[in-house]
Amino acid sequence: MNIRLFKPSVGKEELENLKAVFDRAWLGLGPLVSQFEQEWSSYIGCKDSIGVNSATAALHLALTAFGFPPQKKVLVPAITFTSTASAVLYNNLIPVFVDVDPETAVMDLNDLEAKIDKDCVAVIPVHNAGYPVPMDDLMSLAEKHGLKVIEDCAHCAGGEYKGRKLGTWGHIGCFSFEEKKCMTTGDGGMICSDDPELIEPLRAYRWVGIDKDTWRRAESAKGRQENEALHWHYEISVLGYKYNMNDIMAAIGLAQLKKLDAMNARRRAIIGKYLDGIKAIPQILPYTNYRLEGHEAYWFFGIRCELRDELIVHLKNSGIATGVHFYPLPLHPLFKPYDNGCPVAKEIWKTFITLPSHVDLKDDEIAYVIENLHGFFK
Ligand SMILES: Cc1ncc(COP(=O)(O)O)c(C=O)c1O
């Protein structure tokens, strides 16, 4: 058996939507991006969403929205993907690494509070693997210290915490629709907020600084009598980026959004099977404190094992792909200058193994992985 670690679950619904895009022959930033933005806003329950080409772009622009003075500090967890902290550097700000909770592997709120100083302006909680950072407590802390909150929801599209969708707790939520995530648009991302005034200026930033996108310009020029020749007119008043989502991505996203709840439910079912399967192996613990109450969106299932590298090789020899999420950021050369400790992150990552848990994984494949985990310890 050969089992992939990640695999996007795409099929005929996505193809049908793509066919319509081809028939219309408008592939770039167009009406489907607007439609996807609106449907996304109503799905997660926020006032405004802006489609971009990745969560990396979303995080970059989310920080830009606040216009923080250079060299202010932004708190980020030590265990996350580079983009969370790269976004801080893109904005000429300083990342401050916060240690993680030993059991859940998300930002430790005690360490967060201990690291806040007068130069800190924002915090980016990451719902690592889909496990929600306790957002009620984090928001109280942020309010007390005057911090802006950008939720990095790259791993938890559709997930909830205490009955409210993740991505709607902070001032801005950023999502990833990269091919491996809970839902995909190939590559893609979304910026969401309940404060349209805060994020609307980002539409120009995602579109090389242009104040009106081409589709809306063409639409608003239709049938215009006065100044009709000016339909081409636009102005650039900010230094923007080519970060837009396009209609090909949005077509896939609209189909995926319809399946998102079912896909998240399937991931929970897979995780349930793994949790049952590893119960009898004392040398293996779950990566995080997976709760399966019905509203969670977990990007992946992972385990912890002291014999991490040996187990990875054993699984590889049986055709099972694995991964490690994540090598703590302060250990990477780029972020070493910002290393400020984080002993828990630096210890626990050594035991992390991510196992195949994508939506199309079959029950017999899960059983095969579990059998191989047992086999390793026999
Ligand atoms: C926590 C986190 N934030 C941001 C990103 C960036 O996402 P994207 O690939 O959409 O840029 C990732 C990607 O894996 C991630 O894991």
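Q: Where is A105 found?
A: A105 is in the loop between β3 (94-98) and α5 (109-115). Helices (H or I, at least four residues) and strands (E, at least two) are DSSP runs, numbered from the N terminus. The model is predicted, so local features need pLDDT of at least 70 and side-chain atom pairs count only at pLDDT 80 or more, while totals for chains, interfaces and linings use all residues. Residues are numbered from 1 along each chain as its sequence is written, and side-chain values use heavy atoms, with hydrogens and water left out.

Q: Is A105 buried or exposed?
A: A105 has a relative accessible area of 0%, so A105 is buried. Buried means under 20% relative accessible area, exposed over 50%, and partly exposed in between (1.4 Å probe, protein chains only).

Q: What is the phi of A105?
A: Phi of A105 is near 65 degrees, which is a positive value in a residue other than glycine.

Q: And what about phi of Q71?
A: Q71, also a residue other than glycine, has a positive phi near 70 degrees. Q71 is placed in the loop between α3 and β2 (73-77).

Q: Why does Q71 count as partly exposed?
A: Q71 counts as partly exposed because its relative accessibility is 45%.

Q: Changing topic, which residues are closest to the ligand?
A: The closest are T56, D152, H155, S176 and K181, among 17 residues that surround the ligand. A residue is near a molecule if one of its heavy atoms lies within 4 Å of it.

Q: By class, what does the shell around the ligand have?
A: The shell has 6 nonpolar, 8 polar and 3 charged residues. Here Ala, Val, Leu, Ile, Met, Phe, Trp, Tyr, Cys and Pro count as nonpolar, Asp, Glu, Lys and Arg as charged, and the others, Gly among them, as polar.

Q: Which element supplies the largest share of that shell?
A: The largest share, 3 residues, comes from α3. Both α3 (55-66) and α4 (82-90) supply at least two residues each.

Q: How many Å is an oxygen atom of the ligand from the side chain of T56?
A: An N or O atom in the side chain of T56 is 2.5 Å from an oxygen atom of the ligand. For H155, an N or O atom in the side chain is 2.6 Å from a ligand oxygen.

Q: Where is F326?
A: F326 lies in the loop between α11 (308-317) and α12 (343-348). The peptide bond from H325 to F326 is cis, with omega near 10 degrees.

Notes. A polar contact is a pair of N or O atoms within 3.5 Å; within protein, one must be able to donate a hydrogen and the other to accept it, and residues adjacent in sequence count only if both atoms are side-chain atoms.
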